Amino acid sequence: MTNTFDISPLIRKNVRELTPYQSARRIGGKGDIWLNANEFPTAPYYQLTQQTLNRYPEPQPEQVIKLYANYAGVKPEQLIVSRGADEAIELLMRAFCEPEKDSIIYCPPTYGMYMVSAQTMGIGYKAIPQTENWQLDLPNIEKNLENVKLIYICSPNNPTGNILNPDDIKTLLNMTRGKALIIVDEAYIEFSMQNTVVSWLENYPHLVILRTLSKAFALAGLRCGFTIANEPIITTLQKVIAPYPLATPVADIAAQALSPENISIMQNNVAGLNKQKQKLIDDLQTINLVDIVYPSYSNYLLVKFNSSVPVFNELWQHGIILRDQHNQLGLNNCIRISIGTQTECDRLITALRRLTNEEISYG
Ligand SMILES: *Cc1c(COP(=O)(O)O)cnc(C)c1O
């Protein structure tokens, strides 16, 4: 008998080879200023009202669906709620892609989970890089549609902060009609709500929109996200989702967060954060170490430094934790900075000023 037994031959090949997603929390750091996960910098306060934890929850909590449908301007039949938008990214693959046969397309630099989910599921993935100004490379996508069932695009795009040209999204939708689903990840849409493509659903049966309570609603810890699409897609996702995807306390708090009062509080918070963002842009532009502050339609800034690695490491040492993007495609010397509170932004600027001075005094 032996109690050492190598399980690795038992692991699925694609999982054995998998590098897991480097979430901000997994990377760690001993910070007191966390500007690396695009979280909202302050927490809303909610109390649990449901005391029925002996019972299983509703599979799709009716109140949450009704309130979100109302907020998004769609019918309840056009919605499914899941454990964050991340779960939805994977549900789509589970429902639409044959492992070892079908592929997805994603367009780097972008959110990492599209690729990681495809790898986890044993589904092919094709990276079609964005153009130099971070727009869709439509001719290249068109050439690569074979066996592709899902195309993930992100607008506002994480980590670049820009929005995709709406005419390009329409061209993409027309190019893929009857061939593939187009998934528009709108995790950050509340920070520039006029850019949502929700109203296009009536014209495009293959359009899917991802939303979340993790960013503007300040509820990343709740794990609650939404998929908006026409009914045949939603019905298909219902077939593959776990029987009880949302815990009772999650549904309880989500329903409170989606009350008209709390939605208008969220909208005020977003307006405040967008002002804070403008101030941070202005302040960053006075820092010598900064090359470019890119325009942002989201709650974070992509900033190009003349040399990002020492800046990132120095700030990390001082407890200011940002998100390094230096190794992402086309993002040399870039760091992503989530918009924090005024105090947090000021401390960042103070630290950057000090670094600039030290650099000058080193000669
Ligand atoms: C944060 C984020 C998500 C994940 O949202 P959750 O609802 O927290 O799972 C999805 N897409 C993008 C682009 C994100 O930045």
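Reply: A nonpolar core is a set of buried Ala, Val, Leu, Ile, Met, Phe, Trp, Tyr and Cys residues joined through side-chain atoms within 4.5 Å. Buried means under 20% relative accessible area, exposed over 50%, and partly exposed in between, using a 1.4 Å probe and protein chains only. The model is predicted: local features need pLDDT of at least 70 and side-chain atom pairs pLDDT 80 or more, while totals for chains, interfaces and linings use all residues. Numbering starts from 1 along each chain as its sequence is written, and side-chain values use heavy atoms, without hydrogens or water.

The largest nonpolar core holds 86 residues, and Ile141, Leu213 and Leu284 have the most contacts inside it. At least three of its residues come from domain 1 (8-41 + 262-355), and at least three from domain 2 (62-259); these bounds come from an automatic or database domain assignment. Leaving aside residues up to four places away in sequence, Leu284 is in contact (heavy atoms within 4.5 Å) with Val290, Val293, Leu301, Val303, Ile337, Ile349 and Leu352. There is also a second, separate core of 28 residues, with Cys97, Val116, Ala118 and Ala229 among them.

Next comes the sheet. Helices (H or I, at least four residues) and strands (E, at least two) are DSSP runs, numbered from the N terminus; two strands pair if DSSP finds at least two bridges between them. Four strands make an open, antiparallel sheet in the order β9-β10-β13-β12. Its edges are β9 (290-293) and β12 (323-324); each has a single partner strand, so one side of each has no neighbour in the sheet. A hairpin of six residues leads from β9 to β10.

Helix α10 (260-284) touches β9, β10 (300-305) and β13, and its direction makes about 10° with that of β10. Helix α11 (308-317) touches β10, β12 and β13, at about 35° to the direction of β13. For these angles, axes are lines fitted to C-alpha atoms (for helices, over the stretch in contact), and values run from 0 to 180 degrees between N-to-C directions.

Ser117 sits in helix α5 (113-121) and is buried, because its relative accessible area is 1%. Ser117 touches Ile89, Glu90 and Met93, not counting residues up to four places away in sequence.

Ser155 lies in the loop between β5 (148-154) and α7 (166-176) and counts as buried because its relative accessibility is 6%. A polar atom of the Ser155 side chain is 2.9 Å from the backbone nitrogen of Leu164. Beyond four places in sequence, Ser155 touches Ile163, Leu164, Asp185, Glu186 and Ile189. The peptide bond from Ser155 to Pro156 is cis, with omega near -5°. Another cis peptide bond joins Asn158 and Pro159, with omega about 15°; Pro159 is in the loop between β5 and α7.

Methods. A polar contact is a pair of N or O atoms within 3.5 Å; within protein, one must be able to donate a hydrogen and the other to accept it, and residues adjacent in sequence count only if both atoms are side-chain atoms.
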